[in-house]
Amino acid sequence: MYGKPDALDRLVQGLLALVALFAAYNGAFMLVDPFGWYEAVGTVKATGPANAHFIKDIGLAYLGSALLIGFAAANPGLRWGSALVGTLWLGAHGVLHIYEVLAGICAPDIFWRDAPGVLGPPLLALLAVGIQLKRQRVSPVPLPKRTFVKLMKRIAGEGEPYYQDLSDAGGFAIEKFQHFMVLSGHYYHAPKELVHMARLGSTRAEDCGPCVEIVRAFALADRMSADRLQNALMGQPESSEDALAYHFGEAIAAGDIVGAAGLGEEIEAQYGRAVRTELALAAASGRLFPAIKRGLGYASACTIPRAD
């Protein structure tokens, strides 16, 4: 979910960057030369005489949108909330134009001449965010608390029963927890298969019931083979690479300092320090969720999830 960007991710970045550049150019033009902008945009004359202060105010709104959407373009999966906030002004501006033509305030020919510059940018930004949401390549961090809790209950069911406790804890505990979820799903340099294996080994050592099933479900959603995952859970990884990552996660969760160090050095020698770091993060995440459940009295009996 939070891995290396692919072609569609780059497309989303490009769309958001294009909208940000348009908003920045338009805003800067309005701020630096309001009367020049007024003359350059012929249709605006139908709304009344030029007011330099008012045009500069709108220019600042465009620049604010440009900053927010440009910030989101760097990492749409994590910053899609910023893209939506940045699109708020652009979208509201477009809705106002639609209202004016429907109410007879603005002539249809002027509306259609304005439409590409008024409706195009917010629609492109919303399309970009929609692509990320549809592909489920987004962070849960921008979600409101109630929405996040409801979504996670639907996804995890009774496997993660503590979301309401975190929500009730106050002090924005649930929002802080959302950030850890993003970190737990991180991979960039490491092959995703090894990341899932390290997380699976760690979680299996901590909790071989519902938590393992959730980790397994996320791995399946990332297009890993069910048989491959099941073989690892049964102690028979399909390859030496799978075994290395799985046992690395297992050693970390078990507190095996010597074993974790040895396996970590082997991973680093074979794949590099960055991969070792990502596998260590994956293994560490496998400890948190079962620990929260045990602390809140939700620990359950151990059952190995089946591939079917």
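Which residues is H97 in contact with, leaving aside its neighbours within four places in sequence? H97 is in contact with F111, D114 and V118. Contact here means heavy atoms within 4.5 Å.

This is a predicted model, where local features need pLDDT of at least 70, side-chain atom pairs count only at pLDDT 80 or more, and totals for chains, interfaces and linings use all residues. Residues are numbered from 1 along each chain as its sequence is written, and side-chain values use heavy atoms, with hydrogens and water left out.

H97 sits in helix α4 (residues 76-102). Helices (H or I, at least four residues) are DSSP runs, numbered from the N terminus. H97 has a relative accessible area of 16%, so it is buried. Buried means under 20% relative accessible area, exposed over 50%, and partly exposed in between, with a 1.4 Å probe and protein chains only.

F111, one of the contacts of H97, also belongs to an aromatic pair with W112. Rings of Phe, Tyr and Trp (its six-membered ring) pair if their centres lie within 6.5 Å; planes under 30 degrees apart count as stacked, over 60 as edge-to-face and the rest as tilted. The whole structure holds 10 aromatic pairs. Two of them are tabulated here.

| Pair | Centre to centre | Angle of planes | Type |
|---|---|---|---|
| F111 and W112 | 5.0 Å | 75° | edge-to-face |
| F148 and Y163 | 5.9 Å | 90° | edge-to-face |

F111 is buried because its relative accessible area is 8%. W112 is exposed because its value is 62%.

F148 and Y163 are both buried. Their pair links distant parts of the chain: F148 lies in helix α7 (residues 145-156) and Y163 in helix α8 (residues 163-168), 15 residues apart. Ring pairs also join F148, Y162, Y163, F177, F180 and F289 into a cluster.

A nonpolar core is a set of buried Ala, Val, Leu, Ile, Met, Phe, Trp, Tyr and Cys residues joined through side-chain atoms within 4.5 Å. The largest one has 39 residues; L16, F148, Y162, Y163 and F177 touch the most other members. Helix α1 (residues 7-32) gives the most to this core, with 7 residues. A second, separate core of 25 residues includes A190, L200, A245 and F248.

Beyond four places in sequence, F148 touches P140, L143, Y163, I174, F177, Q178 and M181.

**Out on the surface**

L123 is in helix α6 (residues 120-134). L123 counts as exposed because its relative accessibility is 55%.

Terms used
Helix = DSSP H or I, 4+ residues; strand = E, 2+ residues; numbered from the N terminus.
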